[in-house]
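Work through the exercises below with the sequence and the model at hand. Each task is followed by a stepwise solution.

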Amino acid sequence: MRHILSVTVNNQPAVLARISGLFSRRNFNITSLNVGETESPEYSRMTIVVEGNKDTLEQVKKQLYKLIDVIKITELNQANMIERDMAIIKVNCGKKLRNQVIQVVDVFRGKVVDFSPESISVEITGDENKINAFIEIMKDFGIRDIVRTGIVAMDREINNKVVLNS
């Protein structure tokens, strides 16, 4: 089962290395990891996606809380969260196929960010399923390169209260 954790940490050098090292030592697999500064420059927020059962998740949380730089851990409820992933995909695309590729990009509400005589680069944002569906369609054209950000997510506010699931 997939679990998405929002982890607030001190914005200090080597915090990411300590956390990824913890996952490595404990043999927990990270499906996706994203980190960035929060509204307060003292803190960063990590979005960590892990696979496993409830016992694995509890172990991950307990181990994370042992690290001095971890301030708060929240497991996001997948029914009440906003989730995004972004990908930049370079596709084979000569002049003959350019209109076809651009039509697909429009359907997925993507954006052409670069093109050359033989390729086109597209930015697409959405949930993981949308990105995967777009990639499947682009395979027919011939994908040259893909880069993905990984998942970033946060709780939705319901009735002006943040829904917490920790």
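**Exercise 1.** Does asparagine 27 count as buried, partly exposed or exposed, and what is its relative accessibility?

Solution. The model is predicted: local features need pLDDT of at least 70, side-chain atom pairs count only at pLDDT 80 or more, and totals for chains, interfaces and linings use all residues. Residues are numbered from 1 along each chain as its sequence is written, and side-chain values use heavy atoms, without hydrogens and water. Buried means under 20% relative accessible area, exposed over 50%, and partly exposed in between (1.4 Å probe, protein chains only). Asparagine 27 has 70% relative accessibility and therefore counts as exposed.

**Exercise 2.** Locate asparagine 27 and alanine 14, and describe their phi angles.

Solution. Most residues other than glycine have a negative phi. Asparagine 27, in the loop between helix 1 and strand 2 (30-37), has a positive phi near 60 degrees. Helices (H or I, at least four residues) and strands (E, at least two) are DSSP runs, numbered from the N terminus. Alanine 14 sits in the loop between strand 1 (2-10) and helix 1 (15-25); its phi is positive too, about 75 degrees. With a relative accessible area of 43%, alanine 14 is partly exposed.

**Exercise 3.** In what order do the 4 strands of the open sheet lie, and which stand at the edges?

Solution. The order is 2-3-1-4, with antiparallel pairing; two strands pair if DSSP finds at least two bridges between them. Strand 2 and strand 4 (70-75) each have a single partner strand, so they stand at the edges. Strand 2 is joined to strand 3 (residues 43-51) by 7 bridges, and leucine 33 has isoleucine 48 in strand 3 as its bridge partner.
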